[in-house]
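Please look through the sequence and the model shown here before reading on.

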Amino acid sequence: LMSRRQSREAAQRLLLTIVNDPTVVTEELVDLHYRMSSLPGAWKGFLRLLRANGNILGQSPRVYRPLRRELRGFSRPTLVLWGERDRIIPPRHADIVLGVIPNAQKRILPGCGHFLMLERADEYAAVLLDFLGATAMDSRRSGS
């Protein structure tokens, strides 16, 4: 799957591994993914991204260590949204973020994979809007 340019069927299989709810993998989504992965250089770029960020054992320390170091002490309100059944980046990584960013809050959306914004679009939007609304109110109160 990762060694050569994708076929439409391979694009569908890849999308089905990313989501928990297979009903969100529509024909339109498969077509879009396939068209995007067929653009010149797209598949090569995707593979470089995957290889640079990790391997079959997980995310590479050379990627997350600098992120952890740079984010330590980041004080802005931060929302960490994760899919409970994310097989690409497991939900336990959300706790790592919480340990680094002191003003972060976590929401795990049940029954979602990596594409929670597709699998639970309404809930995802509601959580974002609530967070943004609360953050804006807090900013107004504190005068920042």
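Helices (H or I, at least four residues) and strands (E, at least two) are runs assigned by DSSP and numbered from the N terminus. On that basis the protein chain has seven helices and four strands. Along the sequence, these elements follow the pattern α-α-α-β-β-α-β-α-β-α-α.

The model is a predicted one, in which local features need pLDDT of at least 70 and side-chain atom pairs count only at pLDDT 80 or more, while totals for chains, interfaces and linings use all residues. Residues are numbered from 1 along each chain as its sequence is written, and side-chain values use heavy atoms, with hydrogens and water left out.

Taken along the principal axes, the C-alpha atoms of the protein chain fill a box of roughly 55 × 35 × 25 Å. The protein chain exposes about 9,700 Å², and carbon and sulfur atoms supply 58% of this area. Accessible areas come from the Shrake-Rupley method with a 1.4 Å probe; for residues, only the protein chains shown count as cover. A residue is called buried under 20% relative accessible area, exposed over 50%, and partly exposed in between (1.4 Å probe, protein chains only). Of the 144 residues in the protein chain, 26% are buried. A contact means heavy atoms within 4.5 Å. Among contacts in the protein chain with a separation of 6 or more, 60% are between residues 24 or more positions apart.

Helix H1 covers residues 8-18, and a loop lies between H1 and H2. Leu 16 is found in helix H1. Leu 16 counts as partly exposed because its relative accessibility is 34%. Leaving aside neighbours within four places in sequence, Leu 16 is in contact with Pro 22, Val 25 and Arg 87. Gly 113 is 97 residues from Leu 16 along the chain, and their C-alpha atoms are separated by 9.8 Å.

One of the contacts of Leu 16, Pro 22, is found in the loop between H1 and H2. Pro 22 is at 49% relative accessibility, so this residue counts as partly exposed. Pro 22 and Val 63 are 41 residues apart in sequence, and their C-alpha atoms are 30 Å apart in space.

Val 24 has its place in that loop too. Val 24 is buried because its relative accessible area is 15%. Not counting residues up to four places away in sequence, Val 24 touches Val 19, Leu 29, Leu 118 and Glu 119. Val 24 and Phe 115 are 91 residues apart in sequence and 9.2 Å apart in space, C-alpha to C-alpha.

Helix H2 comes next and covers residues 27-37. His 33 is in this helix. With a relative accessible area of 18%, His 33 is buried. His 33 touches Gln 6, Ala 11, Leu 14 and Leu 15, when residues up to four places away in sequence are not counted. Ser 37 is also in H2, and is buried at a relative accessible area of 7%. The side chain of Ser 37 reaches the backbone oxygen of Tyr 34 at 3.0 Å.

The last part concerns a pocket. On a 1 Å grid over the protein atoms alone, a pocket is an open set of points with protein on both sides within 12 Å along at least five of seven lines, and lining residues have an atom within 4 Å of a point. The second largest pocket has a volume of about 320 Å³. Of the 13 residues that line this pocket, the closest to its centre are Gln 59, Tyr 64, Leu 67, His 93 and Val 97. Helix H4 (61-71) and helix H5 (92-100) are the elements that give two or more residues to the lining. H4 gives the most, with five residues.

Terms used
1 Å grid on protein atoms, 1.4 Å probe; cavity = no way out; pocket = protein on both sides within 12 Å on 5 of 7 lines; lining within 4 Å. Points joined across faces, edges and corners; volume = space filled by probe spheres on them. Polar contact = N/O pair within 3.5 Å; in protein donor to acceptor, adjacent residues only side chain to side chain.
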